[in-house]
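Here are my notes on this model, as numbered points. Keep the structure open while you read.

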Amino acid sequence: MDKQITIALVDDHKLVRNGIKSLLEEEKDMEVIAEGSNGYDAISIVEKLHPDILIIDVRMPELNGIDAVQKIQEKGSRSKSIVLSMHDSEEYILQSIKAGAFGYLLKDTDKKEFIKAIHTVHSGEK
């Protein structure tokens with residue numbers, strides 16, 4: 001079996017994190033190795049644990065997801081970020097990509113699409 005895809009989840013809503021985590025734990029090739037609730041948590045988690053994938057909410061207190069992704073990219077991290085949002089806003093999508101995110105998903109994406117996006121980003125595609 002291939003190596004597990006390690007994932008860090010950062011969202012300021014615990015219920016959302018729990019839902020995503022339980023969804024991902026059903027996948028044999030994915031493992032959630034850390035969780036956080038703001039952009040500073042995301043930076044710290046990526047620096048310490050180097051997850052393959054960072055799934056991060058776009059809007060959070062203290063430091064938002066887009067700014068966190070940009071700071072992580074500036075530090076040369078190899079972790080690939082997927083920004084999650086409730087907002088189907090072209091502005092957010094463009095800001096996320098510009099910051100260095102590999103993907104942008106709406107929170108109402110279905111499970112199949114979500115898992116596919118993780119595999120796509122993990123393989124190096126956007």
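1. Start with Gly-100. Gly-100 sits in the loop between helix H4 (90-99) and S5. This is a predicted model, so read each value as computed from predicted atoms. Is Gly-100 buried or exposed? Its relative accessibility is 13%, so Gly-100 counts as buried, because buried means under 20% relative accessible area.

2. Which residues does Gly-100 touch, leaving out those up to four places away in sequence? They are Val-69 and Gln-73. Now look at Gln-70. Gly-100 and Gln-70 are 30 residues apart in sequence. In space, their C-alpha atoms are 6.1 Å apart.

3. Now step back to the whole fold. The protein has five helices and five strands. In what order do the elements run from the N terminus? The order is β-α-β-α-β-α-β-α-β-α.

4. Next, check the overall dimensions. The C-alpha atoms fill a box of roughly 35 × 30 × 30 Å along the principal axes. The radius of gyration is 13 Å. A compact globule of 126 residues would have a value near 14 Å, so the protein agrees with that expectation.

5. Of the 126 residues, 44% are buried. Take the contacts with a separation of 6 or more: 64% of them join residues 24 or more positions apart. The accessible surface comes to about 7,000 Å². Carbon and sulfur atoms account for 50% of that surface.

6. Then the charges. The protein has 17 positive and 23 negative charges. A search of the whole structure finds eight salt bridges. The next points cover some of them.

7. Lys-21 and Glu-35 form a salt bridge, with 3.2 Å between the closest N and O atoms. Lys-21 belongs to helix H1 (residues 14-25) and Glu-35 to strand S2 (residues 30-36), so the pair ties together parts that are 14 residues apart in sequence. Both ends are partly exposed: Lys-21 has 25% relative accessibility, and Glu-35 has 29%.

8. Glu-27 and Lys-111 also meet through their side chains, in a salt bridge of 3.5 Å from N to O. Why does this pair tie together parts 84 residues apart in sequence? Because Glu-27 lies in the loop between H1 and S2, while Lys-111 lies in helix H5 (residues 111-122). Lys-111 is partly exposed, at 29% relative accessibility.

9. Asp-57 pairs with Lys-107 in a salt bridge, the closest N and O atoms being 3.4 Å apart. This pair links distant parts of the chain, 50 residues apart. Asp-57 is in strand S3 (residues 53-57). Lys-107 is in the loop between strand S5 (103-106) and H5.

10. Compare the two ends of that bridge. Asp-57 has 5% relative accessibility, so Asp-57 counts as buried. Lys-107 has a relative accessible area of 29%, so Lys-107 is partly exposed. Which residues are linked with them in a network of salt bridges? Asp-11 joins Asp-57 and Lys-107 there.

Technical notes. Residues numbered from 1 in each chain as written. Predicted model: local features only at pLDDT ≥ 70, side-chain atom pairs only at ≥ 80, totals over all residues. Heavy atoms only, no water. Helix = DSSP H or I, 4+ residues; strand = E, 2+ residues; numbered from the N terminus. Rg over C-alpha atoms; globule rule 2.2 N^0.38 Å. Buried < 20%, exposed > 50% of the residue type's maximum accessible area, 1.4 Å probe, protein only. Contact = heavy atoms within 4.5 Å. Areas by Shrake-Rupley, 256 points an atom, 1.4 Å probe, with all protein chains shown as cover. Lys, Arg positive; Asp, Glu negative; His and termini not counted. Charge placed at Lys NZ, Arg CZ, Asp CG, Glu CD. Salt bridge = Lys/Arg side-chain N within 4 Å of Asp/Glu carboxyl O.
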